[in-house]
Structures are given as structure tokens and as C-alpha cells.
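The exercises below concern a ligand and the residues around it. Work through each task with the structure open before reading its solution.

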Amino acid sequence: MNTPFTAIVYHSGYGHTEVLAQAVERGAAKAGKTALIKISPEGKITDAEWETLNAADAIIFGAPTYMGSASGPFKMFADASSGAWFKGAWKDKIAGGFTNSYSLSGDKLATLQQMSILAAQHGMLWVSTGLPAAQKKDADHNRDENDLNRLGRFLGVMAQSENAGPEITPPQGDQKTGEHYGERIATFAGKLKAA
Ligand SMILES: Cc1cc2nc3c(=O)[nH]c(=O)nc-3n(C[C@H](O)[C@H](O)[C@H](O)COP(=O)(O)O)c2cc1C
């Protein structure tokens, strides 16, 4: 009865953020039911998918960082979520977010801030990563690509992808970080449901 239902709603232009979305879903599936919803290039999801979001206990937002903020299609979706906002449909749901871009920073923090403010506008409860930053591995301060929280972020999950196909990048560590985050959010959603 207290099984949490976590929806992951994301945009991905070229498949890299999609790899991260799938990792987040894998993690959330360890603690409950999930739905993975992809935002179209026009910024749309179907009516049935809006209903799925309204029914979820937790919603995790995902987008690549383009030009220092969430991609245009994600912003179209965020604006369209004003329909749910008018009804208070997402109030008191658990929320989280993830992003991915080419640069180590790439201004990804702006995207997570954008998502956390979106969640706050809806009256949702934002969850941090709850992970320590990966420690340096050598004198050049390199982090291992398999490290959890390789980029040392706390607000939400960040991944970094090279200019290569999504079957190659983002690296395992970033995917594991996404998986950990999905499980953390679904676990909190379950606790809140049980309370
Ligand atoms: C229009 C556009 C703008 C971009 N802006 C940024 C940026 O601000 N910072 C960054 O690090 N990478 C930037 N990139 C690189 C993408 O974030 C990177 O290729 C990412 O892996 C794409 O994710 P996707 O395959 O899910 O679309 C940009 C790419 C595009 C196409």
C-alpha cells in the first residue's frame, strides 16, 4: 500500500540525458513503481502522461543544459505545468532534478536551480543528492570516472558527457550517481506515504 510511485520526466536532444534518466529510473525502481516520460522536441507530453505525473508521489525533472539553462523543450514543459500549478496538483509531492552537459561545470548549476525553483512554485519538497563529493585521486586532482558524485554537487545530479555517442558517455560514475538519487527519492516518497 505504501509502495511509492516515482515519475521521471525529462528531455534529451541527443540521448545523453536519456542515459541518465534511465539510470535514475533504475534506482527508483529498487524502491517502488516508476514511469519514464520523455518530453518531445516541441516541449510536449501527452494528456495521459500529465495524468501520470499528477498521480505520482515523486516527480524527478531531467534536462540537458543548453546555453546555461535547461533545454528549450524542458522549459516549454515547465511552462505548461502551470496547468497543474493552478490546481495545486503537485503540492507536497517529493521532487528532484538531474542535468547533463559537455563541460565539467557548463553552468549546470543554473539548470538545477531552475528545476528546484519550479518544484518550489508547485509547493513540492526538493531532495538533495545526500552524497559526499568524490575525493581527488592524484596530484592533478583527477576524479575517477567511476566515482559517485564525481562532479561534487549536492542540489541534484549532474553528469558530464564527452562529444561521443550516448553508448560511451556519460561515464559509469555519473550513471551510478543517478541511480543512487532515484533510489533515494523513491525511498523518501515511500516514507512520506507511510507517515
Ligand atoms: C544548443 C546547445 C547548447 C549547449 N549549451 C551547453 C552549455 O551551456 N554548457 C555545456 O556544458 N554544454 C552545452 N551543450 C552541450 C550539451 O549539454 C551536451 O552535448 C549534452 O550531452 C547534450 O545532452 P543530450 O544528448 O541529452 O541532448 C550544448 C549543446 C547544445 C546542442
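**Exercise 1.** State where the ligand sits.

*Solution.* The ligand sits in the largest pocket. A pocket is an open set of points on a 1 Å grid over the protein atoms alone, where a 1.4 Å probe fits, with protein on both sides within 12 Å along at least five of seven lines. Sitting in it requires that more than half of the molecule's atoms lie within 2 Å of its grid points. The model is predicted: local features need pLDDT of at least 70 and side-chain atom pairs 80 or more, while totals for chains, interfaces and linings use all residues. Residues are numbered from 1 along each chain, and side-chain values use heavy atoms, without hydrogens and water.

**Exercise 2.** Is Ser 12 buried or exposed, and which backbone nitrogen does its side chain reach at 3.3 Å?

*Solution.* First, locate Ser 12 in the loop between β1 (5-10) and α1. Next, its relative accessible area is 7%, so Ser 12 is buried (under 20%; exposed is over 50%; 1.4 Å probe, protein chains only). Finally, the Ser 12 side chain reaches the backbone nitrogen of Glu 18 at 3.3 Å.

Terms used
1 Å grid on protein atoms, 1.4 Å probe; cavity = no way out; pocket = protein on both sides within 12 Å on 5 of 7 lines; lining within 4 Å. Helix = DSSP H or I, 4+ residues; strand = E, 2+ residues; numbered from the N terminus. Polar contact = N/O pair within 3.5 Å; in protein donor to acceptor, adjacent residues only side chain to side chain.
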